[in-house]
Amino acid sequence: MKDNRLSLQVVELDAAGYGVARPEAGAGDEAIPKEIKVLGMLPGERAEVAIEHRSPHNGTAWARVIAPQGEPSDDRVTPRCPAFGACGGCVWQHLAYDEQLVWKRRRVAQALGVPMNQVAAVRPSPAQWGYRNKAKYVVAGDAQRLVLGAYAPRTHDVIDTAGCAVVAPVLDEVAAWVRGAATVLGLAPYREASGDGEFRYVVVRANALGDVLVTLVVTSQVRDEALRAVATSIAKHPAVRGVVALFNDRRNASIAPPEARELVLAGERSLRDHVAGVEVEVGASEFFQVNRAQADAMYGYVATALGKMAKAAPAAGAAYDVVDLYAGLGGFSFAAARVGLRVYAVEVHPGAVAALAAAAAANELPIVAQAANVDDAMADVPRDAGAVIVNPPRKGLTPALVAWLLASQTRHIVYISCGPESLGRDVAALAAAFETTSVQPFDLMPGTSQVETIVCLRRR
């Protein structure tokens, strides 16, 4: 290896979507890392690369391609997004879609420690492009030319993502409108290093009808007159139904922290949308799956599974058939209630709980919702429900919740996970009392290494 350059061949893809090579060091090459990760390379491809970063903790390094060597992989395709390679979002746009699904299935199997044939084939997304109903943009540039984009991999350099091919076209169009209005009216972009500036992020959300809600994340330094002028301009776009400001002074990358103050600047504060067939009000900061079609497929899958569980082992004498933890806007609660099951739902976000409760009441669904942190609510949550749904953040379940599930009287667990590695850890911990009956991954984010997985468990 000379000047941090070497030739290598990629052998697999990692959980972040990087190509992974494991070069063997020869005599005098002890400085070669044991594992080198290269963004944009596919298994079987060879290239000359330059090492840019080494982990101080293990033998892993990250490199960039200097020059390809040999033939490209048969699975390589032409990316659609103009920012591909620089943007860290859809790192697999250069990989054929069928192969993306294979690698996602492999990731789930490896995380669970089972052969691939014990994991169902990944349910493909009906759309690979324009599927996202929500787009988040980091504000950068200067007052003369604002940039709306995303952080480059492993940096806080902002890459312009105008023309992104995976967001619904109306979101890209409205983002351009926002950028123009904020530039003309002089909103100053936030400077992360100094904490100065007014304008931090833009979040644009569309419902099934194509109506759009725009959220401007600003600091308390923002000039009220300029902010309202920008909102008035944005609201003139024919698709925009509301413009909301969130005031965020945190010195980190958080977009909508719990303490952020919300202010409606124009139109409505929320959009009407449908979750599992139930109309709900989706606000500026409530979580909503970005791939609507795949979310509906998951709700249907869980409803069918819960129906079979209830028939096989009814919760005799229990007040509730299902407990839904990390309920969000209530998609899985609605799916369960619509097949006749009584649901107790817990969600930390008060706005989401209010929307869930209002929708349940309007549709006469048997759902009781509690606004609380899941771990804090354990003393109040029914322990004898026939099934428990858990849909935690990427980090997975806490040890306290795992212990609660093991000690509960529930017969079934439906675990929905966006993090295969934490899922594997938690399923292993639950194996003391529960056996896995099915593993079904869904692809909600084509072009990425991300995969959503539903695991059904039955008490032994």
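Among contacts in the protein chain (heavy atoms within 4.5 Å) between residues at least 6 apart in sequence, 64% join residues at least 24 apart. This is a predicted model, in which local features need pLDDT of at least 70, side-chain atom pairs count only at pLDDT 80 or more, and totals for chains, interfaces and linings use all residues. Residues are numbered from 1 along each chain as its sequence is written, and side-chain values use heavy atoms, with hydrogens and water left out.

The protein chain has 9 helices and 22 strands, which are DSSP runs numbered from the N terminus (helices H or I, at least four residues; strands E, at least two). Its radius of gyration, taken over C-alpha atoms, is close to the value of the globule rule (2.2 Å times the number of residues to the power 0.38), so the chain is as compact as a globular protein of 460 residues.

| Property of the protein chain | Value |
|---|---|
| Radius of gyration | 24 Å |

Buried residues (under 20% relative accessible area, 1.4 Å probe, protein chains only) make up 52% of the 460 residues.

An open sheet of 6 strands, with mixed pairing, has the order β1-β5-β6-β4-β3-β2, where two strands pair if DSSP finds at least two bridges between them. Its edge strands, β1 (5-9) and β2 (12-13), each pair on one side only. Strand β2 runs antiparallel to β3 (residues 19-21), to which 2 bridges join it, and L13 has G19 of β3 as its bridge partner.

Key. Buried < 20%, exposed > 50% of the residue type's maximum accessible area, 1.4 Å probe, protein only.
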